[in-house]
Amino acid sequence: MSTPDAGTSTPVKAQVRGDAQARAVRLGPRSTAALALVSAVGAAAFTWPFLAPPASQLSAHAQDAPWLFAGLLVLLVAVVTATISESGLGPKAVAMLGVLAAAGAALRPIGAGTAGLEPMFFLMVLSGRVLGPGFGYVLGSVTMFASALLTGGVGPWMPFQMVAMGWFTMGAGLLPGPDRLRGRAELLLLAVYGFLAAFAYGTVMNLAGWPFMGTLASSIAFDPHAGVPANLARFLAYCLATSLGWDLGRAVVTVVLTLVVGPAVLRALRRATRRAAFEAPVTFDGPEA
């Protein structure tokens, strides 16, 4: 009669079976509804100058608008974060969130004030791509909050930055082919997204401050008595005059870093995701008979 050798005498062997592209957070119906709600309120907060009719009295309280929307956005971001966390942000995902948010917050001050050299954006793109849209939204919001505390940039603009960066990072998680697209094609996709999204982020953030210029630059400032076409022309002139160079610098830096260090960062993120096994149940197999 044969006897089991020493290699098979271990009573319990743990095996972790996981998907190579496991997501830290899966978006369920509740999380999706919360994200849609905060996105709708965020869109209204950014675009209210084009939504209010010229004859309305809203412009009389224009200076109060950023504080009102900031308070509302803080509450909504808290609701979304809590909903997503409740639906699957476990201890390992929280640890990864902390590491990536700290890295993004540390990268943001590098080159601050120098032609839009903001290397944090490429990390947000790659993290959203690997970890999915739910985790991406939380990461983008938390990173902007942490960086604001780090740099002293706390003000009514901070919730707008949190929402805009949440959209930016979430969009990377919604790009096609997360489980199949690899290599140069994926890098090119991420670089194109990073380039376009960097301009979109700058444009959205311009909307947060443009209505409150007053009479500092009458030809490009928001005119509460003008119609939508006239204000759109003014806003376009404002973007070209004030932020085009900054947005271009941000976009170019994002593309260059994505193409140069993107492969190594993607491999590291995917390796960490596999080892974390966010969704993989641990099963125990007894010794073979």
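## Before we start

Because the model is predicted, local features need pLDDT of at least 70 and side-chain atom pairs count only at pLDDT 80 or more, while totals for chains, interfaces and linings use all residues. Residues are numbered from 1 along each chain as its sequence is written, and side-chain values use heavy atoms, with hydrogens and water left out.

## The whole protein

Let's begin with the big picture. The protein has eight helices and two strands; helices (H or I, at least four residues) and strands (E, at least two) are DSSP runs, numbered from the N terminus. Along the sequence, they follow the pattern β-α-α-α-α-α-α-α-α-β.

Of the 289 residues, 45% are buried. Here, buried means under 20% relative accessible area, exposed means over 50%, and partly exposed lies in between (1.4 Å probe, protein chains only). The accessible surface comes to about 14300 Å², and 69% of that belongs to carbon and sulfur atoms; such areas come from the Shrake-Rupley method with a 1.4 Å probe, and for residues only the protein chains shown count as cover. Among contacts (heavy atoms within 4.5 Å) between residues at least 6 apart in sequence, 83% join residues at least 24 apart.

## Helix α3

Now find residues 91-107, which form helix α3. Its 17 residues reach 24 Å from the first C-alpha to the last, close to the 24 Å expected at 1.5 Å a residue. That expected span is 1.5 Å times one less than the number of residues.

The buried residues of α3 are Ala93, Met96, Leu97, Leu100, Ala101, Gly104 and Ala105. Seen down the axis of α3, they fall within an arc of 160 degrees, so they line one face of the helix. The arc is that of the directions from the helix axis to the C-beta atoms. Pro91 and Val99, on the other side of α3, are exposed.

## Helix α7

Helix α7 covers residues 228-242, and its 15 residues reach 21 Å between the first and last C-alpha, close to the expected 21 Å. Asn231, Phe235, Tyr238 and Cys239 are its buried residues. Viewed down the axis of α7, these fall within an arc of 95 degrees, so they line one face of the helix. On the other side of α7, the exposed residues are Pro229, Leu236, Leu240 and Ala241.

## A closer look at Asn231

Asn231 sits in helix α7 and is buried, with a relative accessible area of 2%. What does Asn231 touch, not counting residues up to four places away in sequence? Its partners are Phe50, Trp210, Ala221, Phe222, Asp223 and Ala226.
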